[in-house]
Amino acid sequence: MDSTDSNSEMTRKTYTVADYTDGIRNSTYCLMPRGDTPSSRRMFDAIAGGCIPVIISDEIRLPFQHTLDWANFTVRVGENDVNTTAKSISQALARIDSKERGRLQKRLLAVRDSFVFGVGSPNDPAFKAGGAARAMLAEVRATLDPKRCKTLDSPHRSSALLAAQ
């Protein structure tokens with residue numbers, strides 16, 4: 001078999017869950033191209049791993065849109081920009097200086113708990129509950145009460161999650 005054959009043992013690599021999670025945790029940015037569903041598990045994985053999502057979608061529906069300001073902890077690149085030149089992604093990321101990157105990471109860590117239901121087994125004494133259920137309730141409240149939604153529209157909307165408890 002030729003070593004360049006895509007089916008050869010030389011080119012095949014088995015990736016483990018540990019490889020996947022290490023890749024996310026050791027990355028600054030994680031690409032989030034548009035998929036075939038309104039949301040994606042890879043978005044939640046990236047956020048849980050502390051990797052800044054780079055959203056490549058013009059029409060994505062993001063969770064908690066009423067209670068989280070996604071511009072505070074993600075990077076957006078338009079699909080048309082990417083279709084014109086793939087370099088648009090690297091150019092957009094190159095424009096982010098280290099201070100802004102640090103702010104994005106800090107804000108991402110501040111909202112990360114909103115995407116996690118819990119860490120570990122609920123039967124284990126070391127179980128740590130996450131804030132996803134609280135975040136979902138806050139989003140439902142904001143969706144049902146438009147007046148309240150306006151009060152959540154601030155640069156620090158994620159703090160409204162605590163107030164919505």
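This is a predicted model: local features need pLDDT of at least 70, side-chain atom pairs count only at pLDDT 80 or more; totals for chains, interfaces and linings use all residues.
Confidence in the protein chain averages a pLDDT of 81, with 79% of residues reaching 70 or more.

Let's start with charged pairs. Side chains of opposite charge can pair when their charged atoms come close. In this model, the count of salt bridges comes to six, and three of them are worth a visit.

The first stop is helix H1, which covers residues 17-25. Here the side chains of Arg 25 and Asp 22 meet in a salt bridge, with 2.4 Å from N to O. Why do these two line up along the helix? Arg 25 and Asp 22 are three residues apart in H1, so about one helical turn separates them. Asp 22, at 30%, is partly exposed.

The next pair is Arg 34 and Glu 79, whose side chains form a salt bridge at 3.0 Å, N to O. Where do the two partners sit? Arg 34 is in the loop between strand E1 (29-33) and helix H2 (41-48), while Glu 79 belongs to helix H3 (residues 79-84), so this pair ties together parts that are 45 residues apart in sequence. Is each partner buried or exposed? Arg 34 is exposed, with a relative accessible area of 53%. Glu 79, on the other hand, is buried at 15%, because buried means under 20%.

Now move along to helix H5, residues 98-111. Arg 103 and Glu 100 both lie in this helix, three residues apart, which is about one turn. Their side chains meet in a salt bridge of 2.9 Å, again N to O. Both are partly exposed: Arg 103 has a relative accessible area of 37%, and Glu 100 has 25%.

In the protein chain, confidence is highest in H5, at a mean of 96, and lowest in helix H8 (residues 159-163), at a mean of 43. Over residues 150-165, pLDDT stays under 50. For that stretch the model has 28 contacts beyond four places in sequence.

Methods:
Residues are numbered from 1 along each chain as its sequence is written. Side-chain values use heavy atoms; hydrogens and water are left out. A salt bridge is a side-chain nitrogen of Lys or Arg within 4 Å of a carboxyl oxygen of Asp or Glu. Helices (H or I, at least four residues) and strands (E, at least two) are DSSP runs, numbered from the N terminus. Buried means under 20% relative accessible area, exposed over 50%, partly exposed in between (1.4 Å probe, protein chains only). pLDDT is the predictor's confidence in each residue, from 0 to 100. Contact means heavy atoms within 4.5 Å.
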